[in-house]
Amino acid sequence: MEIPSRAETGDTAALLRLTDRLYRVDSLDDVFGAALDAITELLGCERASILLFDDLGVMRFVAWRKLSDAYRQKVDGHTPWKPGERDVAPIFVSDIATTAEPDWLKQTLSNEGITGLGFVPLMAKGEVVGKFMTYFPEVHEFTSHERELAVAIARQVGFSLERYRADSARTATERRLRESEDRFRRMSEDAPIMIWISDSAGHCLHLNQMLRTFWGVTELEGFDWASTIHPDDQQAIGAAMAEAIRTRSSARVKGRYCRHDGVYRILETVARPNYADDGRFDGMIGVNVDVTEREEADQHKQLLINELNHRVKNTLAVVQSVARQSFKGDASIDAKVKSFEGRLSALAQTHNLLAAESWQSASLEEVVRQSVNGDADVRIRIAGPRVQLEPKQAVTTAMALHELYTNAVKHGALRSTDGTIDFTWQTTDEPGQWLTMRWQETCREPIQKPTRRGFGSTMIEKALGAEFNAEVEMNYLPEGLVCTVVARKPASLETR
């Protein structure tokens with residue numbers, strides 16, 4: 001067995017001291033100081049330096065021994081490597097005067113009293129991040145042992161830089177996270193809305209003041225928010241939130257929760273996934289809004305609408321009954337009574353459609369389908385984009401379509417088995433024209449143009465024209481009636 005020399009034993013001890021010092025450093029200055037001590041001791045030089053790439057990729061002096069300001073300023077940024085290079089090797093120069101380096105660099109080194117020098121790369125995560133330099137006043141042939149020592153020092157310093165940067169990044173991330181959490185808590189604490197945070201298992205991590213007051217909670221430990229849900233709502237709310245946590249997706253739920261005084265209130269919850277900076281799923285974050293008064297107001301409004309609907313239906317039924325009784329047994333006007341009843345029926349159907357939408361609006365397509373007595377998609381083809389009509393527009397359109405349909409059955413295309421009708425509509429952004437509706441009949445048997453204007457024609461032209469601010473054109477062609485309505489009332493239409 002070969003016995004190490006005293007010099008080799010001393011070098012090993014110096015490397016161990018470097019390792020120990022680097023393990024216990026608290027700052028980059030400590031790292032640099034330990035490295036310079038090891039370089040000068042192990043490589044036997046009086047002068048040395050450490051340089052690192054800055055954020056712009058320029059090599060800058062960060063620590064040095066016995067180098068003048070003039071020298072450092074002159075060679076600042078000079079390096080044989082680029083940031084992030086891999087697989088680079090140290091460069092050892094025994095005599096700078098014998099190299100092909102530019103004359104200005106040789107002269108600068110000579111003025112500083114440097115002849116031999118070494119460039120040793122500092123690596124972190126396999127990439128060059130800087131270098132350390134060792135300088136000699138005379139020609140210096142670097143031995144293989146010195147080269148090994150230089151690489152060993154660089155490796156130790158590189159490891160320390162990598163660990164320090166990782167620790168600094170982690171510390172900065174933790175600090176930013178704490179600051180972010182502190183800002184959120186300060187912001188949410190006095191917010192006029194209930195805000196909460198849960199972990200990945202659904203347990204409460206944070207309740208703001210408004211929500212703590214609602215539940216009467218002072219300590220979160222042991223508090224189970226699910227226990228405050230009304231028994232009839234627990235299954236639906238629990239399943240929705242469990243699914244949101246499982247799929248890491250947003251959720252919107254509504255239910256009754258018991259307030260601290262025992263009164264149930266309706267809360268609408270909107271929750272979304274909460275992720276850490278590293279992408280880890282941390283649970284959910286959400287808000288609760290007390291919508292009790294809104295829900296009660298909606299229920300009261302619906303009750304009023306239902307009562308109104310009931311009264312209107314009764315009124316229509318009474319009017320229909322009065323008409324039947326008033327003209328009972330009078331055959332001369334029996335047809336007119338039936339026509340009147342048909343118009344009442346069309347009005348009632350549209351009323352039902354609007355009632356289902358709380359008298360907000362009605363779909364033009366649904367109005368058409370209810371107005372053609374089941375012939376939609378059979379003998380009457382309908383097509384057009386989605387258009388929402390205001391209540392008065394829906395009623396007027398239904399009455400007009402009833403007249404067109406009744407006329408087609410009696411005198412137009414539908415009096416023949418092979419007759420068809422196309423009812424189409426389209427929207428446009430052109431000035432002065434937003435909705436165009438077209439009723440077009442097609443029949444093999446010639447259609448006779450009416451010799452007089454009846455109530456239906458007058459109602460179609462006047463009512464549609466007034467309600468839609470429209471131009472209504474009635475063309476009686478041999479193959480059937482073509483009715484075109486060009487509406488000019490954009491404020492009354494919602495198109496999608």
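A residue counts as buried under 20% relative accessible area, as exposed over 50%, and as partly exposed in between (1.4 Å probe, protein chains only). Helices (H or I, at least four residues) and strands (E, at least two) are DSSP runs, numbered from the N terminus.

This is a predicted model: local features need pLDDT of at least 70, side-chain atom pairs count only at pLDDT 80 or more, and totals for chains, interfaces and linings use all residues. Residues are numbered from 1 along each chain as its sequence is written, and side-chain values use heavy atoms, with hydrogens and water left out.

**Exercise 1. Find how H2 and H5 pack: at what angle do their axes cross?**

Step 1. Know what to look for. Two packed helices are described by the angle between their axes and the distance between the axes. Axes are lines fitted to C-alpha atoms, for helices over the stretch in contact; angles run from 0 to 180 degrees between N-to-C directions.

Step 2. Read the values. Helix H2 covers residues 28-43 and helix H5 covers residues 144-189. Their axes come within 10 Å and cross at roughly 175 degrees.

Step 3. Name the arrangement. Angles under 35 degrees are roughly parallel, over 145 roughly antiparallel, 65 to 115 roughly perpendicular, and the rest oblique. H2 and H5 are therefore roughly antiparallel.

Step 4. Find the residues. From H2, the contact includes Leu 28, Val 31, Phe 32 and Ala 35. From H5, it includes Glu 146, Leu 149, Ser 160 and Tyr 164. By class, the contact has 14 nonpolar, 1 polar and 1 charged residues.

**Exercise 2. Work out the sheet that begins with S12: which strands stand at its edges?**

Step 1. Write the order. The sheet is open, with 5 strands in the order S12-S14-S15-S17-S16 and mixed pairing. Two strands pair if DSSP finds at least two bridges between them.

Step 2. Find the edges. Strand S12 (380-383) and strand S16 (471-477) each have a single partner strand, so one side of each has no neighbour in the sheet. Neighbouring strands are turned by 10 degrees against each other on average, direction ignored.

Step 3. Zoom in on one pair. S14 (residues 420-427) and S15 (residues 435-442) are antiparallel, with 8 bridges. In this pair, Trp 425 stands opposite Met 437 in S15.

Step 4. Helix H11 lies across S12, S14, S15 and S17, at about 10 degrees to S15.

Step 5. Ala 394 is located in H11 (residues 391-410). It is buried, at 0% relative accessible area. Its C-alpha atom is 6.4 Å from that of Ala 362, which is 32 residues away along the chain.

**Exercise 3. Examine S8: which residues form its covered face?**

Step 1. The covered face holds Ala 251, Val 253, Gly 255 and Tyr 257. The uncovered face holds Arg 252, Lys 254, Arg 256 and Cys 258.

Step 2. Find the partner. S8 runs antiparallel to strand S9 (residues 264-275), with 8 bridges. Ala 251 stands opposite Ala 271 in S9.

Step 3. Check the turn. The hairpin has 5 residues between the strands, and Gly 262 takes a positive phi near 90 degrees.

Step 4. Bring in helix H7. Asp 233 belongs to H7 (residues 231-247) and is buried, at 14%. Asp 233 touches Gly 255 and Arg 256, leaving out residues up to four places away in sequence.

**Exercise 4. Compare two loop lysines: are Lys 66 and Lys 125 buried or exposed?**

Step 1. Lys 66 sits between strand S2 and helix H3. Lys 125 sits between strands S4 and S5.

Step 2. Check phi. Lys 66 has a positive phi of about 55 degrees, though not a glycine. Lys 125 also has a positive phi of about 55 degrees, though not a glycine.

Step 3. Check exposure. Lys 66 is exposed at 59%. Lys 125 is exposed at 66%.

Notes:
Contact means heavy atoms within 4.5 Å. Ala, Val, Leu, Ile, Met, Phe, Trp, Tyr, Cys and Pro count as nonpolar, Asp, Glu, Lys and Arg as charged, and the others, Gly among them, as polar.
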